[in-house]
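Thank you all for coming; I would like to take a few minutes to walk through one model with you. Please have a look at the sequence and the structure first, and then we will go through them together.

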Amino acid sequence: MTVPQILDELGGISRRTFYRWRELGLGPAAFKLPNGELRVWRSDFTNWLRQLEAAA
């Protein structure tokens, strides 16, 4: 998933919020492509959301 796709799935949170979560270690696992773009596997995103639901 691209960062814009993730932001859209999360209801339109800001890009800055997403990157802040990553800085704090609170975001989903991600990796960088050779061109520097960030990607998240859909399965990692889904697991991250499930962990948030379980903690709530």
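I will begin with the overall fold, then turn to the core and its aromatic rings, and end with the salt bridges.

A word on conventions before that: this is a predicted model, in which local features need pLDDT of at least 70 and side-chain atom pairs count only at pLDDT 80 or more, while totals for chains, interfaces and linings use all residues. Residues are numbered from 1 along each chain as its sequence is written, and side-chain values use heavy atoms, with hydrogens and water left out.

The protein chain has three helices and two strands, where helices (H or I, at least four residues) and strands (E, at least two) are DSSP runs numbered from the N terminus. Along the sequence these elements follow the pattern α-α-β-β-α. The C-alpha atoms of the chain fill a box of roughly 35 × 20 × 20 Å along the principal axes. The radius of gyration, taken over C-alpha atoms, is compared with a globule rule of 2.2 Å times the number of residues to the power 0.38; for 56 residues a compact globule would come near 10 Å, and the chain has 11 Å, which agrees.

How much of the chain is buried? Buried residues make up 20% of the 56 residues, with buried meaning under 20% relative accessible area, exposed over 50%, and partly exposed in between (1.4 Å probe, protein chains only).

Let me turn to the interior. In soluble globular proteins, nonpolar side chains tend to be buried together. Here the largest nonpolar core has nine residues, namely Met 1, Val 3, Ile 6, Leu 7, Phe 18, Leu 38, Val 40, Phe 45 and Trp 48; such a core is a set of buried Ala, Val, Leu, Ile, Met, Phe, Trp, Tyr and Cys residues joined through side-chain atoms within 4.5 Å. Helix H1 (3-9) and H3 are the elements that give two or more residues to this core, and H1 gives the most, with three residues.

Leaving aside neighbours within four places in sequence, Phe 45 is in contact (heavy atoms within 4.5 Å) with Met 1, Ile 6, Glu 9, Leu 10, Pro 28 and Val 40.

A search of the whole structure finds four aromatic pairs. The ring centres of Phe 45 and Trp 48 are 5.9 Å apart and their planes lie at 35°, so this pair is tilted; rings of Phe, Tyr and Trp (its six-membered ring) pair if their centres lie within 6.5 Å, and planes under 30 degrees apart count as stacked, over 60 as edge-to-face and the rest as tilted. Ring pairs also bring in Trp 21, which is linked with Phe 45 and Trp 48 into a cluster.

Finally, the charged side chains. The search finds four salt bridges, each a side-chain nitrogen of Lys or Arg within 4 Å of a carboxyl oxygen of Asp or Glu. Glu 23 pairs with Arg 16, the closest N and O atoms being 3.2 Å apart, and with Arg 20 at 3.1 Å, N to O, so that Arg 16, Arg 20 and Glu 23 are linked in a network. Glu 23 and Arg 20 are three residues apart in helix H2 (residues 15-23), and are therefore separated by about one helical turn.
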